[in-house]
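Hi,

Here is the structure I promised to pass on.

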Amino acid sequence: MNSETPILRIANVTKRYGSVEALSDVSLDIGKGEFVTLLGPSGSGKTTLLNIISGALFPTSGSLFLDGRDISYLPARVRGIGMVFQNFALMPHLSVFENIAFPLRIRKMPKVEVKERVAEALELIKLPGVEDRRPKQLSGGQQQRIAIARALVYRPPLILMDEPLGALDRKLRQQMQFEIKRIHDDLGLSMIYVTHDQEEALTMSDRICLMGGGKIKDVGAPRRIYANPSSVFSADFFGATNIFQGVADRQGDDPVIAHDKFGPIKVASSCIPVRGEVGWMVRPERLRFLEPEEKEDNVLVGAISEVILSGQITQFLVDVGDGLNVTVSCLTSDKIGGLAAGTKVRIGWPRHATTMLDPDR
Ligand SMILES: Nc1ncnc2c1ncn2[C@@H]1O[C@H](COP(=O)(O)OP(=O)(O)O)[C@@H](O)[C@H]1O
Ligand SMILES: [Mg+2]
């Protein structure tokens with residue numbers, strides 16, 4: 001095997017539950033050492049895909065290759081993939097030591113080595129000295145660390161985590177995100193991490209695989225997915241507010257998007273010269289309030305209908321007529337202090353800040 005072989009190849013995997021198609025023709029390669037997050041709303045097929053990778057479920061069709069080896073129909077216990085669940089799934093009647101040692105015991109590892117490995121795993125999760133406690137005697141965050149230690153202890157090449165921080169409060173969640181990332185980097189593991197939280201995905205991942213309705217909607221680096229979503233679905237999922245429909249067209253040599261209300265919206269000339277119905281968006285932070293005579297590629301006129309102060313950022317809802325609202329966000333400063341509801345404004349943005357979206361994905 002050369003080093004280019006992905007640690008996991010998912011090839012055209014479909015899963016049906018009776019008439020429900022939970023996964024439709026999903027294909028994805030995970031590189032060695034990569035941290036890939038499956039992100040998507042509830043019911044999008046994330047857990048189903050993870051279970052198919054772990055071997056808890058078999059695909060209806062399609063294949064899986066672990067480091068080049070076909071594992072599609074191998075039982076979970078011989079795949080050697082680590083798994084961490086949202087509810088920790090620790091065994092309450094066993095000590096922390098025995099919980100972590102469990103995967104080594106079923107592999108019949110000699111006692112001395114088991115002891116060493118468990119100590120090492122506890123060191124790694126920064127919880128030495130709790131071997132003799134029961135899971136119940138630990139906090140939620142500590143229990144999840146134990147579950148992570150158990151998944152790591154037999155040094156699997158790939159670890160799967162299904163919403164592992166879902167049961168923890170916000171502050172602890174952020175701390176654990178950092179810890180999981182550190183463990184991933186220290187050990188050079190490959191990781192498939194599931195979450196429905198976009199911020200978590202953006203913070204932690206090398207790549208994000210955005211899922212919706214059992215399909216992969218977008219795959220890419222966090223920055224790319226956030227800044228240049230490829231579809232209406234991904235723009236919407238990442239909380240974009242200024243999403244509109246229009247018709248792709250040309251004005252001379254320049255690509256534009258015709259819009260009934262806004263007129264032709266200028267886009268970067270590198271935009272694919274498609275014609276027909278498209279989605280498009282412009283991020284609130286890319287919009288500016290213009291001076292009275294100031295020129296810009298795209299200009300809209302309207303009146304402020306709402307001002308929302310949220311600390312460093314102030315958001316303005318601008319009514320541009322016909323029931324259309326555009327959101328503008330600015331750094332909170334004295335300069336925008338005079339902008340109140342009712343103020344007439346001109347807002348503008350450069351053509352390269354207009355992002356075209358595929359309406360069908
Ligand atoms: N055992 C099952 N039987 C029938 N339908 C299921 C079963 N498990 C999941 N589904 C359906 O498959 C789809 C994907 O579910 P799931 O993988 O759990 O999504 P997610 O983890 O993204 O929330 C959903 O529509 C869900 O209702
Ligand atoms: Mg799930």
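This is a predicted model: local features need pLDDT of at least 70, side-chain atom pairs count only at pLDDT 80 or more; totals for chains, interfaces and linings use all residues.

Helix α3 (residues 96–106) and helix α4 (residues 111–124) have axes that come within 10 Å and cross at roughly 120°. Helices here are DSSP runs of H or I with at least four residues, strands are runs of E with at least two, and both are numbered from the N terminus. The axes are lines fitted to C-alpha atoms, for helices over the stretch in contact, and angles run from 0 to 180 degrees between N-to-C directions. From α3 the contact uses Phe97, Ile100, Ala101 and Leu104, and from α4 it uses Val114, Arg117, Val118 and Ala121, where contact is defined as C-beta atoms, placed from the backbone, within 7 Å. That set divides into 7 nonpolar residues, no polar ones and 1 charged. For the classes, Ala, Val, Leu, Ile, Met, Phe, Trp, Tyr, Cys and Pro count as nonpolar, Asp, Glu, Lys and Arg as charged, and the others, Gly among them, as polar.

Residues are numbered from 1 along each chain as its sequence is written, with chains lettered from A and ligands numbered from 1 in the order in which they are written.

α3 also packs on helix α5 (residues 140–152), at an angle of about 30° and with the axes 7 Å apart. That makes α3 roughly parallel to α5, and this crossing is right-handed as well. Val96, Asn99, Ile100, Phe102 and Pro103 of α3 meet Ile146, Ala149 and Arg150 of α5. The contact of α3 with α5 divides into 6 nonpolar, 1 polar and 1 charged. Ile100 is listed in the α4 contact and in the α5 contact.

Now the sheets. An open sheet of 6 strands runs in the order β6-β7-β8-β3-β9-β10, with mixed pairing (strands pair if DSSP finds at least two bridges between them). β6 (82–84) and β10 (215–220) are at the edges with a single partner strand each, so one side of each has no neighbour in the sheet. On average, neighbouring strands of this sheet are turned by 15° against each other, direction ignored. Inside it, β7 (residues 158–162) and β8 (residues 190–195) run parallel and are joined by 5 bridges, with isoleucine 159 partnered by methionine 191 of β8.

Another open sheet has 5 strands in the order β13-β12-β11-β14-β20, with antiparallel pairing. Its edge strands are β13 (265–266) and β20 (355–357), each pairing on one side only. β11 (residues 243–251) pairs with β14 (residues 276–281) over 6 bridges, and glycine 246 stands opposite valine 278 there. β11 also pairs with β12 over 5 bridges; arginine 250 has proline 255 of β12 as its bridge partner. The hairpin of β11 and β12 has 2 residues between the strands, and glycine 252 takes a positive phi near 65°.

Two other hairpins are worth a look. β17 (residues 313–319) and β18 (residues 325–331) pair antiparallel over 7 bridges, and their hairpin has 5 residues between the strands, with glycine 321 at a positive phi near 100°. β1 (residues 8–17) and β2 are also antiparallel, over 7 bridges, with tyrosine 17 partnered by valine 20 and glycine 18 at a positive phi near 60°.

That brings us to the ligand. Which residues surround ligand 1? They are Tyr17, Val20, Ala22, Gly40, Ser42, Gly43, Ser44, Gly45, Lys46, Thr47 and Thr48, counted as near if the C-beta atom, placed from the backbone, lies within 6 Å. β2 (20–30) and α1 (46–54) are the elements giving two or more residues to this shell, and α1 gives the most, with 3 residues. The shell divides into 3 nonpolar, 7 polar and 1 charged.

Cheers

Definitions and conventions:
Two residues are in contact if their C-beta atoms, placed from the backbone, lie within 7 Å. Angles under 35 degrees count as roughly parallel, over 145 as roughly antiparallel, 65 to 115 as roughly perpendicular and the rest as oblique. A crossing is left-handed if the near helix is turned anticlockwise from the far one by less than a right angle, and right-handed if clockwise.
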